[in-house]
Amino acid sequence: MSIKLYSGPLSLFSHKVEIVLREKKLPFEREMVPFNQATGYSPKHPEVLKHNPKGQVPVLIDDDLVLFDSTLIIEYLEDAYPEPALLPKDPKMRAQCRLLELQADEVLLPLVVKLMYRTDPPNPDADPVLQEQKETEGALAEREIEGFYRQLDERLIDRNYFFGQFSAADIAMFMTVLFVLRLQGADLSGFNRLSVWYERVMSRPSVKPVAEGVAKADQVLSEH
């Protein structure tokens with residue numbers, strides 16, 4: 001077994017995969033591709049371009065198998081290395097877990113994207129009208145995020161994790177909430193169960209070093 005992960009210092013999707021690899025205690029080599037806030041992933045890493053027509057990380061290589069897309073990679077790792085399980089065994093719960101992961105990626109994350117202007121490099125020539133529009137959209141997104149938090153908080157009644165045991169849905173949702181918080185978005189102070197869940201996930205040995213890595217990258221790469 002030889003696993004290599006092409007990742008990015010502030011790539012939410014790559015960090016999802018890294019947590020899964022750590023949770024399953026799979027040895028892997030990680031290569032960070034070049035990134036900065038001004039130009040993004042440019043120039044793009046040649047190996048990423050070679051293996052992913054979208055030119056995006058994560059890209060995972062497991063011996064002769066090459067995969068991209070974090071959800072597909074996680075499902076492969078679950079099939080190939082089933083212990084510890086990160087998807088429920090029950091088919092209906094398994095589908096619900098996948099659905100919650102999808103919500104993290106495709107419902108909550110688009111709201112987070114509305115906050116990403118907050119780490120853009122200073123631009124004295126920026127259009128003030130466009131900047132005001134970004135701030136208005138960001139404020140609206142924060143209100144929607146709080147509504148999403150409320151739903152998550154209710155799902156955690158009498159549960160340590162969303163599906164009883166730690167799962168791919170917890171990983172995806174944690175990373176997305178982490179990005180809300182790093183962008184000074186809606187906090188968790190009014191959502192007690194969600195706040196406790198967040199700290200519980202943060203304390204896991206598979207998660208803590210990943211979150212710390214994001215914080216260190218932020219200090220170097222992001223404007224606050």
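Let's start at the second largest pocket, which is lined by Y117, D120, P121, N123, A126, D127, L130, Q131 and K134. A pocket here is an open set of points, on a 1 Å grid over the protein atoms alone, with protein on both sides within 12 Å along at least five of seven lines, and lining residues have an atom within 4 Å of a point. This second largest pocket holds about 160 Å³ of space. A volume is the space filled by probe spheres set on the points, with grid points joined across faces, edges and corners. Its lining splits into 4 nonpolar, 2 polar and 3 charged residues. For these classes, Ala, Val, Leu, Ile, Met, Phe, Trp, Tyr, Cys and Pro are nonpolar, Asp, Glu, Lys and Arg are charged, and the others, Gly among them, are polar.

A quick word on what you are looking at. This is a predicted model, where local features need pLDDT of at least 70 and side-chain atom pairs count only at pLDDT 80 or more, while totals for chains, interfaces and linings use all residues. Residues are numbered from 1 along each chain as its sequence is written, and side-chain values use heavy atoms, with hydrogens and water left out.

Now to the largest pocket, with a volume of about 820 Å³. It has 32 lining residues, and the closest to its centre are S11, F13, Q56, V57 and L109. Which helix gives the most to this lining? That is α4, with 7 residues. Helices α1 (12–23), α3 (70–80), α4 (91–113) and α6 each supply at least two. Helices are DSSP runs of H or I with at least four residues, strands are runs of E with at least two, and both are numbered from the N terminus. By class, the lining of the largest pocket has 14 nonpolar, 8 polar and 10 charged residues.

The search of the whole structure finds 1 cavity of 30 Å³ or more; a cavity is a set of points where a 1.4 Å probe fits but cannot get out. The largest cavity holds about 40 Å³, and V33, Y41, K44, H45, V48, G55, Q56 and V57 line it.

The cut-offs, with a 1.4 Å probe and protein chains only, are under 20% relative accessible area for buried, over 50% for exposed, and partly exposed in between. Beyond its neighbours within four places in sequence, K44 is in contact (heavy atoms within 4.5 Å) with L49, K54 and G55.

Helix α6 (residues 168–182) is mostly covered, with 14 of its 15 residues buried. After α6 comes Q184, whose phi is positive, near 55°.

Helix α8 (residues 208–221) has 14 residues and should span 20 Å at 1.5 Å a residue, which agrees with its end C-alpha atoms being 20 Å apart. The expected span is 1.5 Å times one less than the number of residues. In α8, V210, A211, V214, A217 and D218 are buried. Seen down the axis, the buried residues of α8 fall within an arc of 120°, so they line one face of the helix. That arc is taken from the directions from the helix axis to the C-beta atoms. These buried residues pack against α1, α6 and α7 (192–202), while K216, Q219 and V220 are exposed on the other side of α8.
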